[in-house]
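Please read the following alongside the sequence and the model. The text takes up salt bridges, then a pocket.

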Amino acid sequence: MASILRSPQALQLTLALIKPDAVAHPLILEAVHQQILSNKFLIVRMRELLWRKEDCQKFYQEHEDSVVSASREIAAFFPDFSEQRWYEEEEPQLRCGPVCYSPEGGVHYVAGTGDLGPA
(Lines give C-alpha, C1' and ligand atoms only; values in the text may rest on other atoms or scores of the structure.)
Protein backbone atom coordinates (compact mmCIF):
# COMPACT_ATOMS: atom_id res chain seq x y z
CA MET A 1 0.00 0.00 0.00
CA ALA A 2 1.64 3.20 -1.20
CA SER A 3 1.52 6.39 0.77
CA ILE A 4 0.83 9.80 -0.69
CA LEU A 5 2.63 12.88 0.58
CA ARG A 6 0.11 15.71 0.77
CA SER A 7 0.39 19.43 0.17
CA PRO A 8 0.33 21.97 3.02
CA GLN A 9 -2.66 23.64 1.29
CA ALA A 10 -5.91 23.31 3.27
CA LEU A 11 -8.26 20.51 2.25
CA GLN A 12 -11.94 20.98 1.53
CA LEU A 13 -14.78 18.54 2.05
CA THR A 14 -16.70 17.38 -1.01
CA LEU A 15 -19.67 15.04 -1.04
CA ALA A 16 -19.64 12.62 -3.95
CA LEU A 17 -22.75 10.61 -4.73
CA ILE A 18 -22.64 7.68 -7.11
CA LYS A 19 -26.05 7.09 -8.57
CA PRO A 20 -27.79 3.70 -8.71
CA ASP A 21 -27.24 3.09 -12.43
CA ALA A 22 -23.46 3.25 -11.89
CA VAL A 23 -23.55 1.20 -8.69
CA ALA A 24 -25.58 -1.49 -10.46
CA HIS A 25 -22.61 -2.26 -12.72
CA PRO A 26 -19.50 -3.36 -10.79
CA LEU A 27 -17.11 -2.42 -13.60
CA ILE A 28 -18.53 1.09 -13.86
CA LEU A 29 -18.46 1.50 -10.09
CA GLU A 30 -14.82 0.38 -9.97
CA ALA A 31 -13.93 2.76 -12.82
CA VAL A 32 -15.54 5.67 -10.95
CA HIS A 33 -13.68 4.67 -7.77
CA GLN A 34 -10.35 4.47 -9.63
CA GLN A 35 -10.99 7.87 -11.24
CA ILE A 36 -11.48 9.41 -7.79
CA LEU A 37 -8.23 7.85 -6.55
CA SER A 38 -6.21 8.65 -9.67
CA ASN A 39 -7.14 12.33 -9.34
CA LYS A 40 -5.61 12.27 -5.85
CA PHE A 41 -8.85 12.87 -3.97
CA LEU A 42 -8.80 11.53 -0.41
CA ILE A 43 -11.77 9.44 0.65
CA VAL A 44 -12.41 10.21 4.31
CA ARG A 45 -15.81 8.51 4.69
CA MET A 46 -17.66 6.01 2.54
CA ARG A 47 -21.13 4.60 2.89
CA GLU A 48 -23.52 2.53 0.80
CA LEU A 49 -27.09 3.69 1.11
CA LEU A 50 -30.42 2.62 -0.34
CA TRP A 51 -32.93 5.47 -0.42
CA ARG A 52 -36.61 5.50 -1.20
CA LYS A 53 -37.80 7.70 -4.04
CA GLU A 54 -39.24 10.19 -1.51
CA ASP A 55 -35.85 10.53 0.20
CA CYS A 56 -34.17 11.32 -3.11
CA GLN A 57 -36.79 13.88 -4.06
CA LYS A 58 -36.42 15.66 -0.72
CA PHE A 59 -32.64 15.65 -0.98
CA TYR A 60 -32.58 17.17 -4.47
CA GLN A 61 -35.37 19.63 -3.66
CA GLU A 62 -33.26 21.13 -0.87
CA HIS A 63 -30.01 21.02 -2.83
CA GLU A 64 -28.24 24.32 -3.39
CA ASP A 65 -24.72 24.80 -4.63
CA SER A 66 -23.21 26.32 -1.50
CA VAL A 67 -20.98 25.51 1.44
CA VAL A 68 -24.03 25.52 3.74
CA SER A 69 -25.91 22.97 1.65
CA ALA A 70 -22.79 20.80 1.36
CA SER A 71 -22.51 20.73 5.16
CA ARG A 72 -26.19 19.84 5.45
CA GLU A 73 -25.87 17.08 2.84
CA ILE A 74 -22.77 15.59 4.47
CA ALA A 75 -24.66 15.53 7.78
CA ALA A 76 -27.59 13.75 6.10
CA PHE A 77 -25.37 10.95 4.81
CA PHE A 78 -22.97 10.78 7.75
CA PRO A 79 -24.93 11.74 10.90
CA ASP A 80 -22.03 10.78 13.22
CA PHE A 81 -19.53 12.89 11.27
CA SER A 82 -18.46 16.15 12.92
CA GLU A 83 -17.33 18.57 10.24
CA GLN A 84 -15.81 20.90 12.85
CA ARG A 85 -13.87 18.07 14.51
CA TRP A 86 -12.71 16.86 11.08
CA TYR A 87 -11.32 20.31 10.22
CA GLU A 88 -9.66 20.63 13.64
CA GLU A 89 -8.23 17.12 14.05
CA GLU A 90 -8.20 15.03 10.86
CA GLU A 91 -7.75 17.61 8.10
CA PRO A 92 -4.33 18.89 9.30
CA GLN A 93 -3.00 15.33 9.52
CA LEU A 94 -4.39 14.33 6.12
CA ARG A 95 -3.15 17.57 4.53
CA CYS A 96 0.40 17.20 5.79
CA GLY A 97 0.52 13.46 5.06
CA PRO A 98 1.79 11.08 4.19
CA VAL A 99 -1.48 9.22 3.81
CA CYS A 100 -2.37 5.72 2.68
CA TYR A 101 -5.48 4.26 1.13
CA SER A 102 -7.19 1.25 2.70
CA PRO A 103 -9.02 -0.83 0.08
CA GLU A 104 -10.65 -2.76 2.94
CA GLY A 105 -12.06 0.35 4.60
CA GLY A 106 -12.43 2.33 1.38
CA VAL A 107 -10.91 5.44 2.96
CA HIS A 108 -7.59 7.25 3.29
CA TYR A 109 -5.78 7.44 6.63
CA VAL A 110 -2.63 8.99 8.03
CA ALA A 111 0.35 6.73 7.32
CA GLY A 112 1.99 5.21 10.34
CA THR A 113 -1.11 5.33 12.55
CA GLY A 114 -2.34 1.89 11.56
CA ASP A 115 -5.80 3.44 11.68
CA LEU A 116 -7.87 2.24 8.70
CA GLY A 117 -10.27 5.13 9.04
CA PRO A 118 -13.24 5.97 11.21
CA ALA A 119 -15.41 3.21 12.56
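With which residue does Glu89 form a salt bridge? The partner of Glu89 is Arg85, and their closest N and O atoms are 3.8 Å apart. A salt bridge here is a side-chain nitrogen of Lys or Arg within 4 Å of a carboxyl oxygen of Asp or Glu. The model is a predicted one, in which local features need pLDDT of at least 70 and side-chain atom pairs count only at pLDDT 80 or more, while totals for chains, interfaces and linings use all residues. Residues are numbered from 1 along each chain as its sequence is written, and side-chain values use heavy atoms, with hydrogens and water left out.

Both Glu89 and Arg85 belong to helix H5, 4 residues apart, or about one turn of the helix. Helices (H or I, at least four residues) and strands (E, at least two) are DSSP runs, numbered from the N terminus. Glu89 has 45% relative accessibility and so counts as partly exposed; Arg85, at 38%, also counts as partly exposed. The classes are buried (under 20% relative accessible area), exposed (over 50%) and partly exposed in between, with a 1.4 Å probe and protein chains only.

Helix H5 also holds the pair Arg95 and Glu91, again 4 residues apart, about one turn of the helix. Their salt bridge has its closest N and O atoms 2.8 Å apart, and both residues are buried.

The search of the whole structure finds 4 salt bridges. Another of them joins Arg45 and Glu90, with the closest N and O atoms 3.0 Å apart. Arg45 sits in the loop between H2 and H3 and Glu90 in helix H5, so this pair ties together parts that are 45 residues apart in sequence. Glu90 counts as partly exposed because its relative accessibility is 22%.

The largest pocket has a volume of about 1600 Å³. Among its 43 lining residues, Leu15, Ala16, Leu17, Ile18 and Arg45 are the closest to its centre. On a 1 Å grid over the protein atoms alone, a pocket is an open set of points where a 1.4 Å probe fits, with protein on both sides within 12 Å along at least five of seven lines; lining residues have an atom within 4 Å of a point. A volume is the space filled by probe spheres set on the points, which are joined across faces, edges and corners.

Helices H1 (20-23), H2 (26-38), H3 (53-62), H4 (67-77) and H5 (83-96) each supply at least two residues of this lining. H2 gives the most, with 6 residues. By class, the lining has 28 nonpolar residues, 7 polar and 8 charged. Nonpolar covers Ala, Val, Leu, Ile, Met, Phe, Trp, Tyr, Cys and Pro; charged covers Asp, Glu, Lys and Arg; the others, Gly among them, are polar.
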